[in-house]
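This report describes the surroundings of a few selected residues. The chain is shown first, and the text then takes the residues in turn.

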Amino acid sequence: MRRLLPLLVIVAAVVPLAAQETASDTLLTVQHYLDWEQVADPQISPDGLQIVFTRRWVHKLEDRWESSLWIMQADGSRQRFLVDGSNARWSPDGTRILYLARGEPKGTQLFVRWMDAEGATTQITRVDKTPRSPRWSPDGRSIAFAMEVPAESKWAISMPTPPEGAKWTPGPRVVDRLHYRQDRVGYTDPSYMHLFLVTADGGTPRQLTRGEWNVGARFDGLVFGVGFDWTPDGRTIVFDGLMDSTGDAVYRLSHLYAVDVATGATRRLTERPGAWSNPAVSPDGRLVAFEGYDSTAATSSTSDLYVIGFDGTGLRNLSRAFDRDVLEIFWATDGRSLYFTAPNHGAINLHRATLAGGVQAVTEGAQVFGVSSMTRSRRQVAVGVRSDADEPGDVVRLDVDRPGQLVRLTAVNDDILGTKRIGAVEELWYTSSGGTRVQGWLVTPPGFDAARTYPLIMEIHGGPFA
């Protein structure tokens, strides 16, 4: 699939450029943004009866987003605040959740909360860097997570030692890496990302991987989460990354590795050079599913769904003919098929691929449906966030074995949108140079009158450079 530049055309109401926005109870204004809320990362309990999700809102006084965890029944009833934090994950037996929140001595820390009536909460890390992508071990006794390990570049010129208590200007920042800044972060500290393990009761984390290389299939050195998964026996963690000290200068290359939790011994699963990421181990532990594509100098490539044996043999492409990017990956309970989301013409929907070959749609329509968790019971249920041109993101539930309409469970912005008129969105296609078909959307203002003339705003967006 060629990635085209989608076009968003907005027909705007006529207002003087220097004018302040007029307050309105029927139209969305910038002021309403401060009342906007977001939902993210819903996680369904192992028994399928409860869902915990992250709810975010604007802290108006301190000009930042705040996050808290909310919980509800699987049918959307009894929605209630649970605890401040984000990124919750249920323990395998459903008795606890782990989550991230501000803690001591500073910054983000890892917490565990019991889900009984007492609701006891324990801070289980006290680390200097932010824990990322935490995951329970299959027996619920340990938690693996990724974290940066500092690798500071030393200032080579001898400097006098400051007196005790002195407040001298900090030494100069030494940059010896190609990637040293990130959007919304600024300058990044020299470090390597590695896996750690901590007991679910708390304690000193044990570093599982080490060296001058990064765990995580990092694109252009950007610091995001890490793709990894436990094997069912809890003895091994499969992760994406690049065990190469020259990785800073390598373009879109990553592999899958398996690390022995007891010894730290690491072996590589993938042999073909490529951008391989987001491994998911099959229920029986024999296969690893993942997404990616073979190494290429092209600036944009479509990722496919692959499986490989846990021993590194039998690599297969399950979506070769599908020609759409593979996003979130989940195994079916029986281990004979996989579910994944994929974008197509501005929408994102859930699909199913069998190990025997073939891909079919599970959901359809002009919507963005991101799946964040799925039960592994006989009746498999998926939860995620859905949005479309008229409705912002809300938590939804889907019975994947008997797919039908997505069941909307939250309505966090209905209090804002209930009285508002919004612009109408119309999909359009046009022919560009060389006969290329380009998709776009036309958004007209509320109360649009086709007999009138309006100014036009064009948002031409695409990638990877725009």
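Val383 is part of strand S30, which covers residues 381-387. The model is a predicted one. Val383 has a relative accessibility of 0%, under the 20% limit, and is therefore buried. Leaving out residues up to four places away in sequence, Val383 touches Pro42, Gln43, Ile44 and Ile51, and also Val371, Ser372, Ser373, Val396 and Arg397. Asp41 lies 342 residues from Val383 along the chain, yet the C-alpha atoms of the two are 8.8 Å apart.

Thr270 sits in a loop, between strand S20 (266-268) and strand S21 (274-281). Thr270 is buried, because its relative accessible area of 3% is under 20%. Its side chain makes a polar contact of 2.8 Å with the side chain of His255. Apart from neighbours within four places in sequence, the residues in contact with Thr270 are His255, Leu256, Trp276, Phe290 and Ile308.

With a relative accessible area of 59%, Met159 is over the 50% limit and so counts as exposed. Together with Trp155 and Ile157, Met159 makes a nonpolar surface patch of about 350 Å².

The table lists the accessibility of the three residues.

| Residue | Relative accessible area | Class |
|---|---|---|
| Val383 | 0% | buried |
| Thr270 | 3% | buried |
| Met159 | 59% | exposed |

Notes:
Residues numbered from 1 in each chain as written. Predicted model: local features only at pLDDT ≥ 70, side-chain atom pairs only at ≥ 80, totals over all residues. Heavy atoms only, no water. Patch = residues over 30% accessible without salt bridge, like charges linked within 9 Å, V, L, I, M, F, W, Y side chains within 5 Å. Areas by Shrake-Rupley, 256 points an atom, 1.4 Å probe, with all protein chains shown as cover. Salt bridge = Lys/Arg side-chain N within 4 Å of Asp/Glu carboxyl O. Buried < 20%, exposed > 50% of the residue type's maximum accessible area, 1.4 Å probe, protein only. Helix = DSSP H or I, 4+ residues; strand = E, 2+ residues; numbered from the N terminus. Polar contact = N/O pair within 3.5 Å; in protein donor to acceptor, adjacent residues only side chain to side chain. Contact = heavy atoms within 4.5 Å.
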